[in-house]
Amino acid sequence: MPSPPCDRHTNLEMVPFGQTFIEVCPVPSCGRCHDDRGYFEVVDGKLVRGQISAPSRLFVATERIVKTLRARAGR
Ligand SMILES: [Zn+2]
């Protein structure tokens, strides 16, 4: 089975990760992985499947900041 390309770096083939069925993007800052169930990556120690775009990451960060601020405000 040929390695799929990274869905963020479509010109790059993912590389097999050890003796597993997991392939990882060769770009270190990307962190995109692929297995027989599709693309995934690990965000904050959690395995997240599907598309994770930069805006949604930003949204998660923003949401966290808002929660922190609300907690500080005592709401
Ligand atoms: Zn990539």
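This report describes the fold, the sheet and the core of a predicted model.

Local features are given only at pLDDT of at least 70, and side-chain atom pairs count only at pLDDT 80 or more, while totals for chains, interfaces and linings use all residues. Residue numbers start from 1 along each chain as its sequence is written.

**Overall fold**

From the N terminus, the order is β-β-β-β-β-α. Of the 75 residues, 12% count as buried. A residue is buried if 20 or more other C-beta atoms lie within 10 Å of its own, exposed if 12 or fewer, and partly exposed in between, with C-beta atoms placed from the backbone. Take the contacts between residues at least 6 apart in sequence: 10% of them join residues at least 24 apart. A contact requires C-beta atoms, placed from the backbone, within 7 Å.

The five strands form an open sheet in the order 1-2-3-4-5, with antiparallel pairing. Strand 1 (15-16) and strand 5 (46-49) stand at the edges; each has a single partner strand, so one side of each lacks a neighbour in the sheet. Two strands pair if DSSP finds at least two bridges between them. Two antiparallel pairings are listed here.

| Pair | Residues | Bridges |
|---|---|---|
| Strand 2 and strand 3 | 23-24 and 32-35 | two bridges |
| Strand 3 and strand 4 | strand 4: 38-43 | four bridges |

Strand 3 takes part in both rows. On one side, E23 stands opposite H34 of strand 3. On the other, D35 stands opposite G38 in strand 4. Strand 3 and strand 4 also form a hairpin, with two residues between them.

**The core**

The largest nonpolar core holds five residues: C6, M14, V24, C25 and C33. Such a core is a set of buried Ala, Val, Leu, Ile, Met, Phe, Trp, Tyr and Cys residues joined through C-beta atoms within 7 Å. Leaving aside residues up to four places away in sequence, C33 touches I22, E23, V24, F40 and E41. Among these contacts is V24, itself a core member.

**The N-terminal segment**

P2 lies in the segment before strand 1. P2 counts as exposed because it has 7 C-beta neighbours inside 10 Å. P2 and P16 are 14 residues apart along the chain, and their C-alpha atoms are separated by 9.9 Å.

Technical notes. Contact = placed C-beta atoms within 7 Å.
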